[in-house]
Amino acid sequence: MLNVESLAVQYGTADAINGISLTIDPGRVTALLGNNGAGKTTLLRTLSGTISMHGGQAVRGSVRLEGRDLLRTPPDRIVRAGLAQVPEGRRVFASLTVEENLHAGGLSVKSRKDIERSMAEVLEMFPILRERSAQSAGLLSGGEQQMLAIGRALMSTPKVLLLDEPSLGIAPMVAKEIAATVRTIADSGVAVLLVEQNTRLALGIADQVYAIDGGTIAAEGPAADFADSELLRRLSLGGGTRARTDPGSAMRQGGKTSHD
Ligand SMILES: Nc1ncnc2c1ncn2[C@@H]1O[C@H](COP(=O)(O)OP(=O)(O)O)[C@@H](O)[C@H]1O
Ligand SMILES: [Mg+2]
């Protein structure tokens, strides 16, 4: 569904992504794991067409959604083509109500009637948002804001949903609840790309894993193969040394695994 081929991205002349290829499929959670600075957010920004707003650009490779070239498509058209992003740090409109935030997520894509229908679905998925619907989003807890950010992305009924570290700064119990909902979203047929530093949480719901390090894919394979991987232990600990053991026979290992 979404195909990234040999992608390279730079901020100015600084490399952030150095030739990443990956595929994201409907009905599956694809986890993108890696340390701070590995290039995860940069990849999501590139897929959603927002990289230029951060002073970056794709300098090589391709990104295709059902064959359509996303690198030459503006962000609003990308949303309309079926890709929605929940950005790092949630970014809800703090002064707007919960309901207004959700409404905004469907605005560029849908008729009023379709917005009402999507709103009902989102509020069913996150009942707490129904309770809070008239409250300012800024008054919600971190976990509730994350649910709102996900709900807002779902308002466009995406085929592809990108999530950038949804568990960050959120109580573990709530993070688990959100992860279970992310799994449900994928089971409904959405292709989910989940960026996480919380490896255990991500492996609990992922089908496929890409581990990225220094802007390249360090390893990839089925989630089950990563359950006890030395490479991931090293990545989750934030170490900078080269992996010594093979992370698993079913995984392809490529590129360098150290960048600092
Ligand atoms: N707006 C930006 N301008 C310049 N460099 C950036 C910008 N955003 C990120 N970078 C750099 O790009 C690299 C990848 O960062 P990022 O994609 O945010 O990593 P991650 O999300 O995996 O922590 C890092 O070296 C980071 O410092
Ligand atoms: Mg990031």
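Me: How do the residues lining the second largest pocket divide into nonpolar, polar and charged?
Reply: In this predicted model, the second largest pocket has a volume of about 240 Å³. Its lining consists of Ser118, Glu121, Val122, Met125, Leu154, Thr157, Pro158, Thr184, Ile185, Ser188 and Val190. These residues divide into six nonpolar, four polar and one charged.

Me: Which element gives the most to the lining of the second largest pocket?
Reply: Val122 and Met125 are among the lining residues. Two elements give two or more residues to this lining, helix H4 (112-125) and helix H7 (172-187). With four residues, the element that gives the most is H4.

Me: How much space lies in the largest pocket?
Reply: The lining of the largest pocket is made of 24 residues. By class they are 10 nonpolar, eight polar and six charged. The space in this pocket is about 690 Å³.

Me: Which lining residues lie nearest the centre of the largest pocket?
Reply: Several elements each supply at least two residues of the lining: H1, helix H2 (75-81), strand E6 (83-86), helix H3 (98-106) and helix H6 (142-154). Of the 24 lining residues, those nearest the centre are Thr50, Val79, Gln85, Pro87 and Arg152.

Me: How many residues of H1 are buried?
Reply: H1 covers residues 40-48. The buried residues in H1 are Lys40, Thr41, Thr42, Leu43, Leu44, Arg45, Thr46, Leu47 and Ser48. The helix is thus mostly covered, and the count of buried residues is nine of nine.

Me: Which residue follows H1, and what is its phi?
Reply: H1 runs over residues 40-48. The residue that follows the helix has a positive phi. That residue is Gly49, with phi near 80 degrees.

Me: Why does Thr42 count as buried?
Reply: Thr42 lies in helix H1. A residue is buried when its relative accessible area is under 20%. Thr42 counts as buried because its relative accessibility is 6%.

Me: Which residue's side chain makes a polar contact with the side chain of Thr42?
Reply: Leaving out residues up to four places away in sequence, Thr42 touches Val9, Tyr11, Ala16, Ile17 and Ile51. The polar contact of its side chain, at 2.7 Å, is with the side chain of Tyr11.

Me: What is the volume of space in the largest cavity?
Reply: The structure holds one cavity of 30 Å³ or more. Its lining residues divide into nine nonpolar, one polar and one charged. The space in the largest cavity is about 60 Å³.

Me: Which element supplies the largest share of the lining of the largest cavity?
Reply: The lining is made of Pro166, Ser167, Ala175, Ile178, Ala179, Val182, Leu194, Glu196, Leu201, Ala202 and Ile205. Elements giving two or more of these residues are H7, strand E8 (191-196) and helix H8 (199-205). The largest share, four residues, comes from H7.

Me: What percentage of the residues of the protein chain count as buried?
Reply: The chain has nine helices and 11 strands. It exposes about 11,700 Å², of which carbon and sulfur atoms supply 49%. Of its 260 residues, the part that counts as buried is 52%.

Me: What share of the contacts with a separation of 6 or more comes from residues 24 or more positions apart?
Reply: One residue with contacts beyond four places in sequence is Thr42, which touches Val9 and Tyr11, among others. Over the protein chain, the share from residues 24 or more positions apart is 69%.

Conventions. Residues numbered from 1 in each chain as written. Chains lettered and ligands numbered in written order. Predicted model: local features only at pLDDT ≥ 70, side-chain atom pairs only at ≥ 80, totals over all residues. Heavy atoms only, no water. Buried < 20%, exposed > 50% of the residue type's maximum accessible area, 1.4 Å probe, protein only. Polar contact = N/O pair within 3.5 Å; in protein donor to acceptor, adjacent residues only side chain to side chain. Contact = heavy atoms within 4.5 Å. 1 Å grid on protein atoms, 1.4 Å probe; cavity = no way out; pocket = protein on both sides within 12 Å on 5 of 7 lines; lining within 4 Å. Points joined across faces, edges and corners; volume = space filled by probe spheres on them. Nonpolar A, V, L, I, M, F, W, Y, C, P; charged D, E, K, R; others polar. Areas by Shrake-Rupley, 256 points an atom, 1.4 Å probe, with all protein chains shown as cover.
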